[in-house]
Amino acid sequence: MPSSPKYFTARPLTYSSSRRSTALILFLLIGLVGFVFGFIASSRQGLGHRCEYIKPRSVSVVWDRNSARVSSGDGVDGEQKRHKVMGFVGIQTGFASAARRRSLRQTWLPSDRQGLQKLEESTGLAFRFIIGRTNDKSKMAALRREIAEYDDFVLLDIEEEYSKLPYKTLAFFKAAYALYDSEFYVKADDDIYLRPDRLSLLLAKERSHSQTYLGCMKKGPVFTDPKLKWYEPLANLLGKEYFLHAYGPIYALSADVVASLVALRNNSFRMFSNEDVTIGSWMLAMNVNHEHNQQLCQIDCTGKSIAVWDIPKCSGLCNPDKKMVELHAKDICSKSPTLPSDDDE
């Protein structure tokens with residue numbers, strides 16, 4: 001008899017095999033979900049790092065009645081967390097000083113973001129150019145191009161004029177305090193040769209006074225009105241006291257001093273024609289500790305010099321665009337050891 005054809009039928013799944021299949025599917029789903037979440041997390045972390053890297057360093061600072069508002073260059077205003085550093089150095093500059101900034105970036109001040117970051121990490125000091133505003137559209141356009149290239153500015157909401165330097169200086173300290181949680185706030189001009197490493201050591205010294213006014217001190221006349229110039233030799237002859245104040249090219253205020261400045265109303269300050277005399281008068285009124293350091297006003301580079309400029313011939317370096325580069329080419333200026341001697345004051 002011919003064999004009958006064979007028919008194959010699938011056996012119904014038992015409870016055990018069904019449970020194994022369900023578990024397998026569940027494990028696969030869990031693995032897939034874990035992979036997706038892991039990918040998203042790592043992507044966000046990478047994006048976060050990249051955003052932090054490209055975050056603009058140049059900022060605009062304006063004031064309303066209650067607080068400082070910071071714009072990071074993208075047109076969006078808001079509160080900004082204060083960046084922690086040992087010292088913040090604001091390099092005062094103007095619209096006619098592009099050549100000076102170029103010379104600085106070719107010498108002691110790095111011109112790129114990575115260089116500025118390395119300098120901050122090695123010294124604890126952050127550096128930014130400080131400038132106000134102007135109604136000249138071509139000058140503002142040139143400034144925006146420079147910001148786009150170097151990204152190393154703090155823009156103040158104040159008109160940039162030589163006659164308004166005391167107002168700009170006060171605005172600088174308020175802006176610096178709003179942006180940086182710093183132990184010292186340093187005002188420096190854009191026409192001095194500076195050793196950031198030595199400045200860092202100076203600021204890091206132990207001090208018994210929390211309110212410190214640090215600079216190369218000189219005696220300034222109590223009366224600054226030109227009509228009263230006759231009083232100066234007479235006061236010297238009679239031995240009258242002149243108040244001490246720092247030379248304008250570079251000086252530093254401790255955090256407590258700047259906090260007191262920030263807390264005061266703008267119209268409570270007496271403004272003189274000279275910015276260094278103005279600051280000196282405020283420091284006298286606040287009864288701060290005056291700390292003199294001669295290495296902040298050297299006429300040439302030495303093994304201990306911190307700031308070099310042509311005192312008293314010029315208010316900074318004479319012909320700074322050229323002189324800055326010439327000084328930097330000298331080993332004693334740019335390559336001498338960092339550590340100054342103990343008798344540098």
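**View 1. The C314–C318 disulfide in the predicted model.** C314 and C318 are joined by a disulfide in this predicted model, with the two sulfur atoms 1.9 Å apart. The link is right-handed, with 105° about the S-S bond. C314 is partly exposed, at 24% relative accessibility. The count of disulfides comes to three, and a disulfide is a covalent bond between the sulfur atoms of two cysteines.

**View 2. C301 bonded to C333.** Here the sulfur atoms sit 2.0 Å apart. The torsion about this S-S bond is about 105°, so the C301 and C333 disulfide is right-handed. The bond ties together distant parts of the chain, 32 residues apart: C301 is in the loop between β11 and β12, and C333 is in helix α11. Both ends are buried, C301 at 9% and C333 at 2% relative accessibility.

**View 3. C216 bonded to C297.** This disulfide has an S to S distance of 1.9 Å.

**View 4. R105 and its neighbours.** R105 belongs to helix α2 and is buried, with 9% relative accessible area. Its side chain makes a polar contact with the side chain of E146 at 2.9 Å. R105 also touches other residues, including F129, Y150 and D152.

**View 5. The largest pocket.** About 820 Å³ of space lies in here. Of the 35 lining residues, Y162, L165, D189, E275 and S315 lie nearest the centre. Strand β10 gives the most to the lining, four residues. The lining splits into eleven nonpolar, eleven polar and 13 charged residues.

Methods. Residues numbered from 1 in each chain as written. Predicted model: local features only at pLDDT ≥ 70, side-chain atom pairs only at ≥ 80, totals over all residues. Heavy atoms only, no water. Helix = DSSP H or I, 4+ residues; strand = E, 2+ residues; numbered from the N terminus. Buried < 20%, exposed > 50% of the residue type's maximum accessible area, 1.4 Å probe, protein only. Polar contact = N/O pair within 3.5 Å; in protein donor to acceptor, adjacent residues only side chain to side chain. Contact = heavy atoms within 4.5 Å. 1 Å grid on protein atoms, 1.4 Å probe; cavity = no way out; pocket = protein on both sides within 12 Å on 5 of 7 lines; lining within 4 Å. Points joined across faces, edges and corners; volume = space filled by probe spheres on them. Nonpolar A, V, L, I, M, F, W, Y, C, P; charged D, E, K, R; others polar. Disulfide = S-S within 2.5 Å. Lists of a residue's contacts leave out its neighbours within four places in sequence.
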